[in-house]
Amino acid sequence: MRVADIISSSHMAYHDLRDWIATLEKQGQLKRIRVEVDPVLEITEIADRVSKAGRGNQLPAISEGGPALLFENVKGHPGAQVLINQFGSADRMKLALEVNALDEVAERIHQFMNVKSPQGLLEKMKMLPMLAEIGSFFPKTVSSGPCKEVIKKDKFSLFDLPVLQCWPQDGGRFITLPCVVTRDPKTGKRNVGMYRMQVYDERTTGMHWQRQKVAAEHYRELLRMGAAAASGTGRTAAVDIMARSLGGSILASGERPSGKLEVAVAIGTDPALTFSAIVPAPPDIEEFLIAGFLRQKPVEVVKCETVDLEVPAHAEIVLEGYVNLDELRSEGPFGDHTGFYTLPDDYPVFHVTCITHRKNPIYATTIVGKPPMEDAWMGKAIERIFLPLMRLTIPEIVDVNLPVEGVFHNLMIVSIRKSYPGQARKVMNAIWSLGQAMFTKCIVVVDEDVNVQDVGEVTLKALNNIDPERDIQFTMGPIDSLDHASRLPNYGSKMGVDATRKWASEGFTRPWPDEITMDPKIKALVDKKWRDLGIE
Ligand SMILES: Cc1cc2nc3c(=O)[nH]c(=O)nc-3n(C[C@H](O)[C@H](O)[C@H](O)COP(=O)(O)O)c2cc1C
Ligand SMILES: [Mn+2]
């Protein structure tokens, strides 16, 4: 399939999940499955085989994964449909974002960032279309939408949804592809993040926003506001819980958290919006705007029934509710994208107050586990799209590779144009200060002549070029919550490898050898003789 053949200039943004599914089907990228399957473990085994199709346990860079799957006969859920692996190949990721190459998205971002102040009327006029385009990215509030076709405020149960248990030791069933909407209690800005939700019972789930994520900050912000307003009654069990969860840094003893943070969750949205929920954007940039930029058409949002939040009007399923500020509950274990189970930990509890959905809603989900899986392709898209944004603050970066086996946060290989001594270390520190890249456990910095996408070449050159004691540096800092090896949860060490060629100005005065390459004249000579040699 050539994405170029599909995306003509007249193509409009995917309206919703159904429009996206129809496109996938037209392109032969979707398989409908009518055989009965169990959402407990069985769907995972099928999806895992499909996402690793034809590769055994090989972990390739970018190549095709198997098709998206739409299960139409899910055990225990008559009439339900489950979509999985919608993003599970390089081509589908491009199709989802309606580009021929992911670098096109990067290029568009670059164009917007590159705007200089216009000189004279003509240049100002030239900017008008771009300004009009920016206007079209902002979300549009509409009065109703398909997500309101069915509204359930009194009688509903989360068990009605075909939620998967993914892996044998999972603590239960997990909603794995939710777009979780919260509002910053101070600024009113909205955030959409993807945080998995363990179903506890008919009306409550876990809310696994890790402490460094934006919704967790909204929650803390509300706690701070409550703490500031509180009159100071005795220390309570709730405070102890919060102190444990938040490192004791928010509430002084004697302060009692109260109140709730409203939360809405959209499941099954158009692919740009689903993708925007995982993008590690700066906290103040609303994902609705990012999705609008990606699809070049506003996201239509509609007010919730029971909370003061907006959700995508075309979502298949919406869960409305709140988390209490004084309630945490054990979440997990969960077979995670590291290839290991994440062990149980305390997280807030989401209480559902209302479910709205389309008629015959399609439940969108994913599984994570040993790579490569569906999330590998989303991660690769982020790698490409964020390169120009990284270059804004670290302009010497030439290219970046997050190998899928490095599960995003364990390994980043970065090539730089080195111009001054110590620059590789400066780059490492800049990456460790850059949003969610702070979690990167190991950064390998190479010179610009190394192709970071070729891990073999990196291994050859990087390891030849280092004197480990001199070139490896350790630092302490925040660690991904999923890391099971750090000395403390969320806090530990990181490693940077300066594999650039060392300069005399960096204290390296020995001669540096050339790389081996053959004389081009001899190459040409052998090319000419090659057939006569009779080797092939
Ligand atoms: C399939 C999938 C599941 C994810 N689950 C979680 C999760 O449970 N908790 C979490 O903090 N981040 C999770 N993430 C990563 C976040 O979605 C990502 O860090 C995102 O940028 C968070 O948005 P925010 O910056 O608005 O907080 C997941 C990502 C994917 C692709
Ligand atoms: Mn965000």
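Author: Arginine 108 lies over the face of phenylalanine 293, 4.1 Å from the ring centre. For a charge to count as sitting over a ring, CZ of Arg or NZ of Lys has to be within 6 Å of the ring centre and within 35 degrees of the ring normal. Bear in mind that this is a predicted model, where local features need pLDDT of at least 70, side-chain atom pairs count only at pLDDT 80 or more, and totals for chains, interfaces and linings use all residues. On bookkeeping, residues are numbered from 1 along each chain as its sequence is written, chains are lettered from A and ligands numbered from 1 in the order in which they are written, and side-chain values use heavy atoms, with hydrogens and water left out.

Now for the ring partners. Two rings of Phe, Tyr or Trp (its six-membered ring) pair if their centres lie within 6.5 Å; planes under 30 degrees apart are stacked, over 60 edge-to-face, and the rest tilted. That rule gives eight aromatic pairs. In one of them, the rings of phenylalanine 112 and phenylalanine 293 have centres 5.7 Å apart and planes at 75°, so this pair is edge-to-face. The two partners come from distant parts of the chain, 181 residues apart: phenylalanine 112 belongs to helix α5 (residues 102-113), and phenylalanine 293 to helix α10 (residues 287-295). Helices here are DSSP runs (H or I, at least four residues), strands likewise (E, at least two), numbered from the N terminus. Both phenylalanine 112 and phenylalanine 293 are buried. Buried is under 20% relative accessible area, exposed is over 50%, and partly exposed is in between (1.4 Å probe, protein chains only). Ring pairs also bring in Phe137, giving a cluster of Phe112, Phe137 and Phe293.

The manganese ion (ligand 2) is coordinated by Asn191 through OD1 and Glu287 through OE, at 2.0 to 2.1 Å. Donors are N, O and S atoms within 2.8 Å of the metal (3.2 Å for Na, K and Ca), and water is not among the atoms, so a site may look incomplete. What about burial of these two? Asparagine 191 is buried, at 2% relative accessible area, and glutamate 287 counts as buried too, at 5%.

Elsewhere there's another charge over a ring: the charged end of arginine 203 sits over phenylalanine 156, 3.8 Å from the ring centre.

While you're looking around, check the backbone. Most residues other than glycine have a negative phi, and most peptide bonds are trans. Glycine 332 and proline 333 are joined by a cis peptide bond, with omega about 0°, and proline 333 lies in the loop between β14 (317-331) and β15 (334-335). Proline 371 to proline 372 is cis as well, omega near 0°, with proline 372 in the loop between β18 (362-364) and α11 (374-393).

Two non-glycine residues have positive phi: leucine 41, near 70°, and asparagine 360, near 45°. Leucine 41 is in the loop between β1 (30-33) and α3 (42-51) and is partly exposed at 31%. Asparagine 360 is in the loop between β17 (345-357) and β18 and is exposed at 57%.
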